[in-house]
Amino acid sequence: MEQDIKTLTARLLANRWLPRNDRLVRRALVDETFRVELDHRLAAVGLQLQDNPYAGHVAAALVPEMIEPVFGAKREYAASNVGLTRDEIALLVVIWSLIVLPKRERQVTRREVADDGQGDMFGTEKPVEHGDTVSAGISEASLIADFGPLLGGRSRVKNFMLGKLARLGFIERRNGIVLEGPLLDVALDYRVMADRIIHGTLAEVIARAGHPLPETNAFEVADVLPDEDDVEEDA
């Protein structure tokens with residue numbers, strides 16, 4: 001176990017995030033003894049494992065008490081601890097709203113992007129899905145046309161802001177489509193943000209641009225089901 005713990009800790013420090021289906025990550029999610037030791041190793045350097053059962057990745061993140069000592073001296077920390085400006089944060093929240101809100105609704109209700117809307121009587125028995133089956137991309141051209149004028153200009157969004165979000169791991173850009181990146185669903189907390197967006201002014205802005213959001217928080221319309229890691233552990 002010692003070598004596996006060292007390997008996983010080093011990989012998290014070097015890569016910042018790892019896929020949920022990675023062998024050692026899976027072990028950390030189902031093996032309590034292994035997880036306790038991993039948490040101890042990360043805590044020794046002021047980090048914690050950021051894990052969301054609905055996200056396809058896990059990440060290493062600072063524990064709350066270390067955020068100010070690490071980032072407090074930087075001017076950018078006033079807006080974000082990864083150097084994002086207010087406009088860039090606004091774009092990130094818009095993208096999160098357009099990708100993760102519908103994704104979470106599909107995950108909780110056990111539907112997929114290609115679902116035709118018909119009910120599935122065995123849907124509640126399915127494990128939580130991750131990846132392209134539940135996470136749909138959005139057109140980069142549409143995103144820029146609809147929100148570029150509000151966020152500093154279309155050229156700035158296309159040439160600088162989207163590239164920065166991609167480098168940080170929040171999004172991926174493929175053939176004109178903006179897709180969920182490893183950190184989009186890990187770094188932003190659905191339970192904190194969902195209601196604020198759905199019932200806030202941003203929902204009206206997004207809807208006026210032709211991108212209707214779910215009407216309710218996904219966890220209000222369906223029971224939260226055990227994710228696949230819990231099922232495997234019970235087995």
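Asp 4 counts as buried because its relative accessibility is 19%, and buried here means under 20% relative accessible area, with exposed meaning over 50% and partly exposed in between (1.4 Å probe, protein chains only). Before going on, note that this is a predicted model, where local features need pLDDT of at least 70, side-chain atom pairs count only at pLDDT 80 or more, and totals for chains, interfaces and linings use all residues. Residues are numbered from 1 along each chain as its sequence is written, and side-chain values use heavy atoms, leaving out hydrogens and water.

Back to Asp 4, then. You'll find Asp 4 in helix H1 (residues 2-15); helices (H or I, at least four residues) and strands (E, at least two) are DSSP runs, numbered from the N terminus. Leaving aside residues up to four places away in sequence, Asp 4 touches Arg 23, Leu 24, Arg 27 and Phe 34, where contact means heavy atoms within 4.5 Å.

Leu 24 takes us to helix H2 (residues 23-30), whose buried residues are Leu 24, Val 25, Arg 26, Ala 28 and Leu 29. As a rule, an α-helix has 3.6 residues a turn, so residues three or four places apart point the same way.

Now for the strands. Strand S2 (residues 47-50) and strand S3 (residues 57-62) pair in the antiparallel sense over four bridges; two strands pair if DSSP finds at least two bridges between them. Together S2 and S3 make a hairpin, with six residues between them. Look across from Leu 49 and you'll see Ala 60 in S3.

There's also an open sheet of three strands, in the order S4-S6-S5, with antiparallel pairing. Strand S4 (138-139) and S5 sit at the edges with a single partner strand each, so one side of each has no neighbour in the sheet. S4 and S6 run antiparallel and are joined by two bridges. In S6, Val 178 is the bridge partner of Ile 138.

Finally, which loop holds Gly 210? Gly 210 is in the loop between helix H10 (201-208) and helix H11 (218-221). Gly 210 and Ser 142 are 68 residues apart in sequence, and their C-alpha atoms are 9.8 Å apart in space.
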